[in-house]
Amino acid sequence: MQFLQNLKLAPKLIAAFASVLILTAGLGIFSEFQLSRVNATSTELSLRWVPAAQTLQNIRYAMQRHRVQLLQHVISTAPADMADYEKLMSQFWAELQSNLKNYAQYTQSAQENDLLAQVEADTRSYDALTQQILVHSRVLKTEEAVAILNADSRKLSRQITAKLDELLKYNGESIKAANAAGDAIYASSQIWLRSLIVLCCVLGLGLAVVIARSIAQPLQKAVELAQAVAGGRLDMHIEAKGQDEVGALTRALGEMNDSLRSIVGQVRQGTDSIATASSQIAS
């Protein structure tokens with residue numbers, strides 16, 4: 001408080017405005033930091049987990065469609081139909097391989113990399129069995145083709161699907177974790193921002209009150225002294241505090257009041273002397 005009283009008006013006002021601006025800037029920087037954290041979470045969801053889950057679904061779909069075409073090929077007897085099914089199988093298999101390569105860019109953990117490696121190995125084995133099935137199916141050896149289809153081929157198909165489901169489960173849990181982290185950041189940001197807003201308002205209001213009082217109270221006393229002098233009262237005493245312009249004005253008014261009181265006292269003494277001399281002359 002004494003420090004503020006000793007400051008000049010210009011530095012005092014500058015310090016007050018600077019304090020408010022610093023608090024506002026701090027609130028803005030904190031808000032931007034929290035927003036960047038929320039944005040990082042949403043970016044991770046949109047660029048990492050959601051596309052990864054979609055890619056796994058594409059792999060699963062391509063695998064299922066490929067197997068359907070393979071089954072149709074085995075039960076078909078027309079060469080033209082077989083050719084159409086093989087063409088579709090090639091398309092779905094190319095999509096599957098493309099999505100497997102695409103998913104590799106999203107893996108981050110050892111668990112994901114290990115599961116992906118197993119899926120890739122199983123798909124290579126599955127493709128080798130598919131070629132065996134096609135060899136039998138093209139020459140209408142349906143029983144041999146069905147035997148492979150229902151044994152090792154089915155086993156590998158189920159293994160691949162199960163591992164894809166594991167990867168989907170892992171991605172789903174990661175999506176939930178990222179979403180929960182985003183919610184936690186949002187909730188904590190609300191608490192911090194509200195607290196900082198209240199703190200800024202309290203500090204700003206406190207500074208305004210302190211500075212207003214440090215200026216207004218001495219000025220009010222100075223006004224009261226000036227009004228007393230104007231009314232002919234010279235007995236009023238004022239104590240000046242602070243080294244700012246208001247304090248200097250108050251001291252100057254106090255010195256003026258003291259000077260006027262001294263002058264009036266001297267005038268009264270002179271008047272009394274004149275009155276005494278006049279009485280003596282009259283006598």
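# Salt bridges, helices and burial

Trainee: The side chains of Glu86 and Arg138 are joined by a salt bridge, with 2.8 Å from N to O. What makes this pair a salt bridge?

Mentor: The term asks for a side-chain nitrogen of Lys or Arg within 4 Å of a carboxyl oxygen of Asp or Glu. Glu86 and Arg138 come to 2.8 Å, N to O, so the pair passes the cut-off. Keep in mind that this is a predicted model, where local features need pLDDT of at least 70, side-chain atom pairs count only at pLDDT 80 or more, and totals for chains, interfaces and linings use all residues. Residues are numbered from 1 along each chain as its sequence is written, and side-chain values use heavy atoms, with hydrogens and water left out.

Trainee: Where do Glu86 and Arg138 sit in the chain?

Mentor: Glu86 is in helix 3 and Arg138 in helix 4, so the pair links distant parts of the chain, 52 residues apart. A helix here is a DSSP run of H or I with at least four residues, numbered from the N terminus (strands are E runs of at least two).

Trainee: Is Arg138 buried, exposed or partly exposed, and how do you know?

Mentor: Buried means under 20% relative accessible area, exposed means over 50%, and partly exposed is in between (1.4 Å probe, protein chains only). Arg138 has 41%, so it lands in the partly exposed class.

Trainee: What about helix 3 and helix 4 themselves: how do their axes run?

Mentor: Helix 3 covers residues 79–103 and helix 4 covers residues 110–138; their axes come within 11 Å and cross at roughly 170°. The axes are lines fitted to C-alpha atoms over the stretch in contact, with angles from 0 to 180 degrees between N-to-C directions. Over 145 degrees counts as roughly antiparallel, under 35 as roughly parallel, 65 to 115 as roughly perpendicular and the rest as oblique. Helix 3 and helix 4 are therefore roughly antiparallel to each other.

Trainee: Which residues meet between helix 3 and helix 4?

Mentor: With contact taken as heavy atoms within 4.5 Å, the helix 3 side includes Met82, Glu86, Met89 and Trp93, and the helix 4 side includes Glu112, Leu116, Tyr126 and Arg138. The residues of this contact split into 10 nonpolar, 4 polar and 5 charged.

Trainee: How many salt bridges does the rule give?

Mentor: The count comes to 4. One of them joins Glu112 and Arg48, whose closest N and O atoms are 2.8 Å apart. Glu112 in helix 4 and Arg48 in helix 2 (residues 9–75) are 64 residues apart, and both are buried.

Trainee: Why is Lys163 counted as buried?

Mentor: Its relative accessibility is 14%, so Lys163 falls under the limit for buried. Asp122 is buried as well. Leaving aside neighbours within four places in sequence, Lys163 is in contact with Leu115, Gln118, Val119 and Asp122.

Trainee: What is noted about the phi of Leu140?

Mentor: Leu140 has a positive phi of about 60° although it is not a glycine. Leu140 is found in the loop between helix 4 and helix 5, and its relative accessible area of 46% makes it partly exposed.

Trainee: How many helices and strands does the protein chain have?

Mentor: The chain has 6 helices and 0 strands. Buried residues make up 32% of its 283 residues. Among contacts between residues at least 6 apart in sequence, 78% join residues at least 24 apart.

Methods: Ala, Val, Leu, Ile, Met, Phe, Trp, Tyr, Cys and Pro count as nonpolar, Asp, Glu, Lys and Arg as charged, and the others, Gly among them, as polar.
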